[in-house]
Amino acid sequence: MDAVLLVAVLALTVIGTLLVWSSTRTWAPGSTGLVKKHVLNVAIGLTLYSVVSMVDHRLLRAYAPLVYALSLAGLVVVITPLGSTVNGSHSWVMLGAGFAVQPSEFAKLGLVLLLAMLMAQPAEGGDRPRGLDVTLGLVASAVVIGLVMLQPDLGTAMVVGVITASALVVAGVRKRWIAGLGLATVGAGAAVWFLGLLEPYQVARFTAFVRPSTDPRGVGYNSTQSLNAIGSGQMFGKGLFGGGQTTGRFVPEQHTDFIFTVAGEEFGFVGSVTVVLLIGVVLLRGVRIAWQCEDRFGTLVAGTIVCWLAFQSFVNIGMTVGIMPITGLPLPFVSYGGTATFTNLVAVGLLQAIYIRDRRF
């Protein structure tokens with residue numbers, strides 16, 4: 001395996017476990033908060049990672065439609081009475097015993113594999129995918145985005161859009177496809193805004209991003225407290241379990257969406273930069289794997305996964321420091337979560353599978 005990639009991911013999971021422990025120990029049941037459950041999720045995710053990394057990624061090309069179909073089935077289940085609402089988003093299926101599944105996370109993987117399968121075969125006599133395959137990929141992405149927006153989950157819909165655009169760029173489609181997708185995205189965004197299709201809490205998040213100081217105790221509360229928590233850590237932080245903002249729960253959802261604020265307060269600027277650098281190592285190793293892979297399908301899978309993880313990391317960290325609106329996206333490998341943890345580690349397992357086979361053949 002790529003040892004550097006593996007070490008970086010393991011380091012992020014260890015840091016994330018400490019941050020989850022610190023941010024949940026004062027309010028979750030038991031003296032350890034949610035850390036035991038998080039460790040269980042990480043263990044399951046690493047098991048899935050190991051299994052996927054041992055699979056020849058070229059065999060997955062044949063099963064991509066099946067994986068995509070199963071992920072669509074999960075999205076359909078969510079919008080039935082079996083789905084549950086958490087934090088205003090109807091995107092969960094409760095399994096009992098405190099466990100839940102978010103099918104939209106699995107849909108990211110399903111779409112990555114399907115887009116790679118469709119665009120891996122270039123048109124005869126050229127090196128670009130056929131127009132029909134590109135159209136089918138855009139339709140498949142539109143179906144996923146439509147089902148996700150019914151929940152509604154704007155953050156995941158944005159990630160799906162980035163996955164689609166990334167696959168087109170990596171596949172080398174003509175610029176008119178990229179331009180058309182960009183115009184369609186702008187048009188869809190304008191329609192959603194002017195037709196009032198966003199939920200009130202989503203509108204409040206954008207309002208807080210544009211004018212966070214207008215209502216610091218209302219719509220701008222999360223952004224204001226997030227900046228306060230990060231800034232209070234200064235250079236070296238207050239130490240693990242020593243963050244007053246974290247202990248007092250001034251920032252909501254600090255174990256998931258706002259976990260970077262815990263790193264900023266308790267580990268300071270140095271700790272925050274360490275997290276960013278480790279994520280950068282993961283992304284750079286993924287780019288290297290995509291660049292060196294001689295198999296077109298593997299290159300598309302690896303390149304799209306890198307863009308997905310990069311965008312989600314940028315949005316999560318960006319919203320905690322005030323340069324991006326709050327979207328509810330977790331920080332890969334660091335935030336508390338079950339389905340998201342599984343999906344991220346499976347994605348890294350795919351990178352490892354591509355790396356192993358590329359070196360062998």
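This report covers side-chain contacts, surface features and backbone angles in a predicted model.

## Aromatic pair

A search of the whole structure finds one aromatic pair. The partners are Trp21 and Phe241, with ring centres 5.0 Å apart. Their planes stand at 75 degrees, so the pair is edge-to-face. The cut-off for that class is over 60 degrees.

Trp21 belongs to helix H1 (residues 3-24), while Phe241 sits in the loop between H9 and H10. The pair therefore ties together parts that are 220 residues apart in sequence. Trp21 is partly exposed, with a relative accessible area of 30%. Phe241 is also partly exposed, at 30%.

## Salt bridges

The structure holds five salt bridges. One of them joins Glu265 and Lys238 through their side chains, at 3.5 Å from N to O. This pair links distant parts of the chain. Glu265 lies in helix H11, and Lys238 lies in the loop between H9 and H10, 27 residues apart. Lys238 has 40%, so it counts as partly exposed.

Asp133 and Arg130 form another of the five. Their closest N and O atoms are 3.0 Å apart. Asp133 is buried, with a relative accessible area of 6%. Arg130 is partly exposed at 40% relative accessibility. Arg58 bridges to Asp56, and here the closest N and O atoms are 2.8 Å apart.

## The loop between H9 and H10

Helix H9 spans 221-232 and helix H10 spans 244-247. The loop between them holds Met235.

Met235 contributes to a nonpolar surface patch of about 600 Å². The patch is made by Met235, Phe236, Phe269, Val270, Val273 and Leu277. Met235 is partly exposed, with a relative accessible area of 42%.

Ser226 lies in helix H9. Is Ser226 buried or exposed? Its relative accessibility is 0%, so Ser226 counts as buried. The side chain of Ser226 reaches the backbone oxygen of Thr320 at 2.7 Å.

## Positive phi angles

Two residues other than glycine are described here. Arg249 has a positive phi, near 60 degrees. Glu253 has a positive phi of about 55 degrees.

Arg249 is found in the loop between H10 and helix H11 (259-292). Glu253 is found in the loop between H10 and H11 as well. Arg249 is partly exposed, with a relative accessible area of 48%. Glu253 is partly exposed too, with a relative accessible area of 31%.

## Cysteines

How many disulfides does the model contain? The count comes to zero. The test asks for a pair of cysteine sulfur atoms within 2.5 Å.

Cys293 counts as buried because its relative accessibility is 8%, under the 20% limit. Cys307 has 30% relative accessibility, so Cys307 counts as partly exposed.

How values were computed: Residues numbered from 1 in each chain as written. Predicted model: local features only at pLDDT ≥ 70, side-chain atom pairs only at ≥ 80, totals over all residues. Heavy atoms only, no water. Buried < 20%, exposed > 50% of the residue type's maximum accessible area, 1.4 Å probe, protein only. Patch = residues over 30% accessible without salt bridge, like charges linked within 9 Å, V, L, I, M, F, W, Y side chains within 5 Å. Areas by Shrake-Rupley, 256 points an atom, 1.4 Å probe, with all protein chains shown as cover. Salt bridge = Lys/Arg side-chain N within 4 Å of Asp/Glu carboxyl O. Helix = DSSP H or I, 4+ residues; strand = E, 2+ residues; numbered from the N terminus. Phe/Tyr/Trp six-rings, centres within 6.5 Å; stacked < 30°, edge-to-face > 60°. Polar contact = N/O pair within 3.5 Å; in protein donor to acceptor, adjacent residues only side chain to side chain.
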